[in-house]
Amino acid sequence: MQTNDSQNPSTRPPHAHAPEAAVASLSALSNYIEARATGHALPLIIDEQELSVQARLDMYISIAARSSNAQVMETAFALALRTMRSMLNASISSTMPTASKLKTCETPILNLSLEFAGKSAEWRAIIVQMMADNVTTGSGHLSVNRAKQVLKDIAKRTNFVNLVGELKQECNSRRLAAIYLLGWLKHEKAIEPLIEAFERATNAEQAAIVEMLSGHYMHKLPFHLKWRCANRHSPTPALTNLIQLLAVEI
């Protein structure tokens, strides 16, 4: 049964209501974050340390939600996650079981990531890249398993037809996000769009396609590649390259 969080302060998201001090300083902090994101040296108009941790978190989330600049969006969101993690770490007890500690620290970050990924295709691309990097490097705002869970959940929540359409977008980051999500969807219907996309993909996208196909669909690939080759008099150079990279016997 769902509860009304607005009537229960203890379950209300930490960014539900920004304090007046945070709202009043949004424009100033936006300038500061944009300076961080773009590498331009601008004066720090406000002292972040004058604000409480909760106020800073509210500000970062508000700026991330309001900005239309991808660099500012990503930087503000990363700062929000870092601040949230610091708050959550401070709330755990040394006597708590490890599983409880992880759940306490990671569930709010996971939920916030899913919330922002659902805002727009641009936000989805930012969150997917953050989580994909988290999985690849083993370091980030979440454990590897939690980062994988975010990718799986976003893939399931995104309409499959929309994901396939994203593969043809002009924006590189959106195409790359679609590749990752089609991989983490872990459904056979995603194989053909990924193989097709390989034909026209950039080097980075081709590497991601190989990673997703080999990581999630290897047991199904021989059939699909044989079918594609059988329906062409000769494989295209890109398809031949894909077969070699995957080391699939045709």
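Me: On a 1 Å grid over the protein atoms alone, a cavity is a set of points where a 1.4 Å probe fits but cannot get out. How much space lies in the largest cavity?

Reply: This is a predicted model, where local features need pLDDT of at least 70, side-chain atom pairs count only at pLDDT 80 or more, and totals for chains, interfaces and linings use all residues. Residues are numbered from 1 along each chain as its sequence is written, and side-chain values use heavy atoms, without hydrogens and water. Grid points are joined across faces, edges and corners, and a volume is the space filled by probe spheres set on the points. For the largest cavity, that space is about 30 Å³.

Me: Which helix gives the most to the lining of the largest cavity?

Reply: Helices are DSSP runs (H or I, at least four residues), numbered from the N terminus, and lining residues have an atom within 4 Å of a cavity point. At least two lining residues come from each of α6 (121-137), α8 (160-166) and α9 (172-185). With four residues, the top contributor is α9.

Me: How many residues of that lining are charged?

Reply: The lining includes A121, L163, E166 and R174. Asp, Glu, Lys and Arg count as charged, Ala, Val, Leu, Ile, Met, Phe, Trp, Tyr, Cys and Pro as nonpolar, and the others, Gly among them, as polar. Six lining residues are nonpolar and none is polar, while the charged ones number three.

Note on methods
On a 1 Å grid over the protein atoms alone, a cavity is a set of points where a 1.4 Å probe fits but cannot get out, and a pocket is an open set with protein on both sides within 12 Å along at least five of seven lines; lining residues have an atom within 4 Å of a point.
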